[in-house]
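Reader: I have a model open and would like to go through it piece by piece. Could you take my questions as they come?

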Amino acid sequence: MEKIYGRTKTIQEDKVSGFCPGCMHSTVIKLIGEVLEEMDLVDKAACVLGIGCCGLHMDYIAYDNTTAPHGRACAVATGMKRTSPDSLVFTYQGDGDFASIGLAESISAANRGENITVIFINNGIYGMTGGQMAPTTLVGMKATTAPKGRDPKEHGYPMHMCEILNQLTAPAYLVRTSCNNPANVNKTKQAIHKAFQNQLDGKGFSMVEIVTSCPTNWGLDPMKSLDYIEEKMLPEFPLGVIRDR
Amino acid sequence: MARVFMKGCEAIAEAAVRAGCRFFAGYPITPQNEIPEYFSRRLPEVGGVFVQGESEVASVNMVYGAASAGTRSMTSSSSPGIALKSEGISYCAAARIPMVYANISRGGPGVGSIQPAQMDYFQATKASGNGGFQMLVFAPSTVQEAVDMTYKAFDYADRDRNPVLILADGVIGTMMEPVVLPEMKSDEEVAAIKASKQGWACVGHQLDYANRSWIQPGQWSTLKMQEANEDAAALYESWKKDVQVEEYQVADAEIVLTAYGISARICKSAVDLLRAQGIKAGLIRPITVHPFPYESYDHIDYNKCKAVLDVEMSIPAQFVTDVAVGVKDRCPIETCLCSGGNIMSRDKVIAAAKKIMEGK
């Protein structure tokens, strides 16, 4: 029988996923690997991982990678890409990393139009540390540091990174996708492809924000987490291309 | 080679360029602004890259990235800014990334004062970030030394795959002096240095899990983490051979001054003046403040020496704690201190030495 689909070679053969059931990190890292292979970029890939569950990828991916201090991935990627322009430099960051502690690094790299790609995982919560409130936590959503739910009077409102970066002149491509159904998984893959192509074309800063789930810290099973994305997350974080230049 | 008249900060930057530094990221803070300013105009001339970071934190992480890609890279700052860089320095040490940084130190703690001081001794030599890592720390007392140390620092950083710190101060950074600049490394030499790192640099490799670049400032495996720390400890132990010190007129000294950096330079001229007045003074000047030349204090003749006089621009004194480890209670240690951006004066040092010798 002809094999028409297999596991991407960019993930170690003998590795069993340690991600929680329903976690979409493994989906996204698969998509990145498939795009790298399809674009023949595996031997140019230089991945800067964020801190948190993002950093777990270091033990799975077979291409070059480093881990930045919490929030600093865009700064690390800046130094890397500026001195190694032939490498495909991309960051892989969660919402705490990209939108909270790394806000200055994220916005400044976007504002300089650094020719890098950001894969931004937005699941509205801190995963590895156990479900604390993120800048993207929905209003009313419970977190271990907001046990009564996010209250705008005390915590403000969820931050929309695509829209915030859209205020800047330099970024080339800002898109929000999800992985909550097969169609959106395909769109996410296409967005990653385009973002990498932008870097090859020297267009500058591209970001793919991917709305994902965290069943463990949301306290929902994987299937109900998919419903939560559709019913709660996507109305707050509408999908689509925010900028394409 | 011809001598040129240069400000310390600019001379440090030029020395780095000549050593093959092709990436600098920094953030403005007095009194080291001439370093990023110089790099911003100089690096493009040699095919290098300058980035003004949005903060010290971002700048040191840009260096983390550039050095991870195999480029000789540097950052600089002054005391409060160095504190902000401590996160990135610790990550560079953990990930074994070679980089060089300079602290043109000023008064502290807090925002302190913008004038010269030596208030960062503990930070520089004991804990420049979390996790107990160590670095070679060089303390120049002249602009020429700052140049020579910066030039050599890149070799040490590459040899050890570890950060190297130039611990200067606002006097060295802002003073102009004649210097002989080191030889400019050719483009071919700079390219060869970068090429030699491509095996481990995070730039993209053929798909091969075992041989991918994997530059990690931490480990998920506790056993691997311990191994990494054991490797680092072995490296630090190997630095005994790298200790540098100047011992001046110590053998017959009845009073031994001890200081580093600009204070030591002031002390050296005080030694000459004291000797001219019949007081047998000497000087021990650590050139590497980490590792520290403890053994030099064994060269003091404690049958003759009345006291060791610790001279530093820090209140409370910090350097004195290492001096005490070297002296081992074999004679009293007195201090001559200033702080807050006030520069040590030769007259003050001489007066302190005379007071000890006169038994007052």
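**A helix in the interior**

Author: The buried residues of helix H2 of chain A are Ala73(A), Cys74(A), Ala75(A), Val76(A), Ala77(A), Thr78(A), Gly79(A), Met80(A), Lys81(A), Arg82(A) and Thr83(A). Please keep in mind throughout that this is a predicted model.

Reader: How many of the residues of H2(A) are buried, and what does that say about the helix?

Author: Eleven of the eleven residues of H2(A), which spans residues 73-83, are buried, and the helix is therefore largely enclosed by the rest of the structure.

Reader: Staying in chain A, at what angle do the axes of H1(A) and H7(A) cross?

Author: The axes of H1(A), residues 25-38, and H7(A), residues 182-200, cross at roughly 50° and come within 9 Å. The two helices are therefore oblique to each other, and the crossing of H1(A) and H7(A) is right-handed.

Reader: Which residues meet there, on the side of H1(A) and on that of H7(A)?

Author: From H1(A) the contact involves Thr27(A), Leu31(A), Ile32(A), Glu34(A) and Val35(A), and these meet Val185(A), Thr188(A), Lys189(A), Ile192(A), His193(A) and Phe196(A) of H7(A). Sorted by class, the contact of H1(A) with H7(A) comprises six nonpolar, three polar and two charged residues.

Reader: Changing topic to backbone geometry, which residue of chain A has a positive phi although it is not a glycine?

Author: Asp40(A) does, with a phi of about 55°, and this residue is found in the loop between H1 and strand S1 (45-49) of chain A. As background, most residues other than glycine have a negative phi.

Reader: Is Asp40(A) buried or exposed?

Author: Asp40(A) has 8 C-beta neighbours inside 10 Å and so counts as exposed. In chain B, Asp329(B) likewise has a positive phi, near 60°, without being a glycine. Asp329(B) is in the loop between H11 and strand S15 (333-337) of chain B, and with 7 C-beta neighbours inside 10 Å it counts as exposed.

Reader: And the peptide bonds in chain B: where is the one from Gly108(B) to Pro109(B), and is it cis or trans?

Author: The bond from Gly108(B) to Pro109(B) is cis, with omega near 0°, and Pro109(B) belongs to the loop between strand S5 (99-105) and helix H5 (121-125) of chain B. Another cis peptide bond joins Ile315(B) to Pro316(B), where omega is about 0°, and Pro316(B) lies in the loop between strand S14 (307-312) and helix H11 (320-327) of chain B.

Reader: You mentioned S5(B), so what is the strand order of the open sheet in chain B?

Author: The open sheet has seven strands in the order S3-S2-S4-S5-S7-S6-S13, with mixed pairing. Its edge strands are S3 (49-52) and S13 (288-290) of chain B, each of which pairs on one side only, and the twist averages 20° from one strand to the next.

Reader: How many bridges join S5(B) to S7(B), and in which sense do the strands run?

Author: Seven bridges join S5(B) to S7(B), residues 163-169, and the two strands run parallel. Within this pairing, Met99(B) has Pro163(B) in S7(B) as its bridge partner.

Reader: Now to the interface, how many residues does each chain put into the contact?

Author: Chain B contributes 39 residues and chain A contributes 33 residues. On the side of chain B that touches chain A, strand S2 (23-26), S3, helix H3 (56-68), helix H4 (79-95) and strand S9 (214-215) each supply at least two residues. H3(B) gives the most, with nine residues, and by class that side of chain B has 21 nonpolar, 14 polar and four charged residues.

Reader: What does S9(B) pair with in chain A?

Author: S9(B) pairs with strand S2 of chain A, residues 64-67, in the parallel sense over two bridges. Trp214(B) in S9(B) is the bridge partner of Asn65(A).

Reader: Last one: where is Ser213(B), and what does it touch?

Author: Ser213(B) is found in the loop between helix H8 (187-196) and S9 of chain B, and it is buried, with 23 other C-beta atoms within 10 Å. Not counting residues up to four places away in sequence, Ser213(B) touches Asp64(A), Trp200(B), Ala201(B), Cys202(B), Val203(B) and His205(B). The C-alpha atoms of Ser213(B) and Ala69(B) are separated by 9.9 Å, with the two residues 144 residues apart along the chain.

Technical notes. Residues are numbered from 1 along each chain as its sequence is written. Chains are lettered from A and ligands numbered from 1 in the order in which they are written. This is a predicted model: local features need pLDDT of at least 70, side-chain atom pairs count only at pLDDT 80 or more; totals for chains, interfaces and linings use all residues. Axes are lines fitted to C-alpha atoms, for helices over the stretch in contact, and angles run from 0 to 180 degrees between N-to-C directions. Helices (H or I, at least four residues) and strands (E, at least two) are DSSP runs, numbered from the N terminus. Angles under 35 degrees count as roughly parallel, over 145 as roughly antiparallel, 65 to 115 as roughly perpendicular and the rest as oblique. A crossing is left-handed if the near helix is turned anticlockwise from the far one by less than a right angle, and right-handed if clockwise. Two residues are in contact if their C-beta atoms, placed from the backbone, lie within 7 Å. Ala, Val, Leu, Ile, Met, Phe, Trp, Tyr, Cys and Pro count as nonpolar, Asp, Glu, Lys and Arg as charged, and the others, Gly among them, as polar. A residue is buried if 20 or more other C-beta atoms lie within 10 Å of its own, exposed if 12 or fewer, and partly exposed in between; C-beta atoms are placed from the backbone. Two strands pair if DSSP finds at least two bridges between them.
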